[in-house]
Amino acid sequence: PWAQQAFQWAMDGWGIRRITRRAHDTPEGRRLLTERPVLQLDLAALAALPEGTLGRFLADWFHTWGIAPFAPRRTPDGALEYFVDRLFFTHDVWHALVGLGTDLRNELRFLGVLLSQYHSGSAMLALTFGWFKVPAQYGWKAFFVVPLEVWRFYRWGQTCKDLCFVPWEAYLDQPLERLRADFLAGDRPRIGE
């Protein structure tokens, strides 16, 4: 975890500093900085929520993609550390919300959304290295198509609301489709279902 944190600080420090500064200028950001909620996803409890809620969808989504929620790493010391962790923990919530899985091609599309929300050096690095893996999994045609797909998701992500300051913990029992309507732009690219 410390190596991952050091990497994240080195690659994302500039972008997350911008998020931290922006948090002070928005009511949602200030609320997160004051309350400092921690997103801890209990998949068993979320699976008991009604069908169609964000929490139930997350439980099913994590199970479908064979991944586990990130475990807390530390108690953040300061606003910058809080947002380093916050963006780390909410990464997969964003994935589920925008409807993109964690296979290589959907991950690359998702990185377009992430980059539209905040400047992430690690996302840019992952996008570059991931793109070079595309031909082996999807063929050379996909190698030339994926950048366009990423660009379309990047442009779409720019029209969505700011996902960095959403208190996802408070919305786990809320209808997923209403949250998508509230936070995401309606013209989502129809690729990567």
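Guide: **Cysteines and helix H9**

The disulfide count is zero, a disulfide being a pair of cysteine sulfur atoms within 2.5 Å. Cysteine 160 is in no disulfide; its nearest cysteine sulfur belongs to cysteine 164, 12 Å away. Cysteine 164 is likewise in no disulfide, with the sulfur of cysteine 160 at 12 Å. Cysteine 160 counts as buried, at 10% relative accessibility. Cysteine 164 is buried too, at 2%. Buried means under 20% relative accessible area, exposed over 50%, and partly exposed in between, with a 1.4 Å probe and protein chains only.

A note on sources. This is a predicted model: local features need pLDDT of at least 70, side-chain atom pairs count only at pLDDT 80 or more, and totals for chains, interfaces and linings use all residues. Residues are numbered from 1 along each chain as its sequence is written, and side-chain values use heavy atoms, without hydrogens or water.

Now helix H9, residues 176-183. Helices are DSSP runs (H or I, at least four residues), strands likewise (E, at least two), numbered from the N terminus. The buried residues of H9 are Leu176, Leu179, Arg180 and Phe183. They lie on the same side of H9, because they cover an arc of only 100° around the axis, taken from the directions from the helix axis to the C-beta atoms. Glu177 and Ala181 are exposed, on the face turned away from that buried side. The cover over the buried residues includes helix H4 (54-65) and helix H5 (79-98).

Note on methods. Contact = heavy atoms within 4.5 Å.
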